[in-house]
Amino acid sequence: MSLIKIGKQPISFTYLDKIEHAIAYFVLGFLWLLTFIKRDIKVVVVITVALYGVLLEVLQSELTNYRTFDYMDMLANTFGALLAFMVFKFIEKKQFKLLNSL
């Protein structure tokens with residue numbers, strides 16, 4: 001979806017697209033963290049997801065004439081990936097405490 005042409009959004013308010021970016025990269029990051037749950041590469045996963053967001057922003061400006069490069073989108077992408085990491089670590093910590101209490 002990052003490289004396709006999107007029409008006018010039915011709902012519009014300031015920074016809606018940044019919220020959408022953060023949510024998308026939160027989901028992407030969280031799913032990748034779940035995928036590699038048995039391996040100790042969580043930081044690598046988060047960095048990779050954030051770099052993927054940067055790459056797509058660059059590709060939008062280079063490969064399309066209908067999408068633009070935006071530093072704030074990159075920031076929102078990175079925020080989403082970092083938030084996924086924090087939520088994942090919180091859940092992992094709670095699960096560890098629960099398992100140790102049994």
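Q: A crossing of two helices is left-handed if the near helix is turned anticlockwise from the far one by less than a right angle, and right-handed if clockwise. Which hand does the crossing of helix 1 and helix 2 have?
A: The crossing of helix 1 and helix 2 is right-handed. This is a predicted model: local features need pLDDT of at least 70, side-chain atom pairs count only at pLDDT 80 or more, and totals for chains, interfaces and linings use all residues. Residues are numbered from 1 along each chain as its sequence is written, and side-chain values use heavy atoms, leaving out hydrogens and water.

Q: What makes a run of residues a helix or a strand?
A: Both are DSSP runs, numbered from the N terminus: helices are H or I with at least four residues, strands E with at least two. The protein has three helices and zero strands. Along the sequence the pattern reads α-α-α.

Q: At what angle do the axes of helix 1 and helix 2 cross?
A: Axes are lines fitted to C-alpha atoms, for helices over the stretch in contact, with angles from 0 to 180 degrees between N-to-C directions. Helix 1 (residues 16-35) and helix 2 have axes that come within 10 Å and cross at roughly 140°.

Q: Which residues of helix 1 meet helix 2?
A: Contact means heavy atoms within 4.5 Å. Among those from helix 1 are His21, Tyr25 and Trp32; their partners in helix 2 include Val49, Tyr52 and Glu57. By class, this contact has nine nonpolar, three polar and two charged residues.

Q: Why is Glu57 called buried?
A: Buried means under 20% relative accessible area, exposed over 50%, partly exposed in between (1.4 Å probe, protein chains only). Glu57 has 1% relative accessibility, so Glu57 counts as buried. Glu57 lies in helix 2 (residues 42-63). Leaving aside residues up to four places away in sequence, Glu57 touches His21, Thr68, Phe69, Asp70, Asp73, Met74 and Asn77.

Q: Why is Glu92 called partly exposed?
A: Glu92 stands at 24% relative accessibility, so Glu92 falls in the partly exposed class. Glu92 belongs to helix 3 (residues 71-101). Glu92 and Ile37 are 55 residues apart in sequence, yet 9.5 Å apart in space, C-alpha to C-alpha.

Q: How do you know that the span of helix 1 is close to the expected one?
A: The expected span is 1.5 Å times one less than the number of residues. Helix 1 has 20 residues and reaches 29 Å from its first C-alpha to its last, close to the 28 Å expected.

Q: How much of the protein is buried?
A: Buried residues make up 26% of the 102 residues. In helix 1 they include Leu16, Ala22 and Phe30.

Conventions:
Ala, Val, Leu, Ile, Met, Phe, Trp, Tyr, Cys and Pro count as nonpolar, Asp, Glu, Lys and Arg as charged, and the others, Gly among them, as polar.
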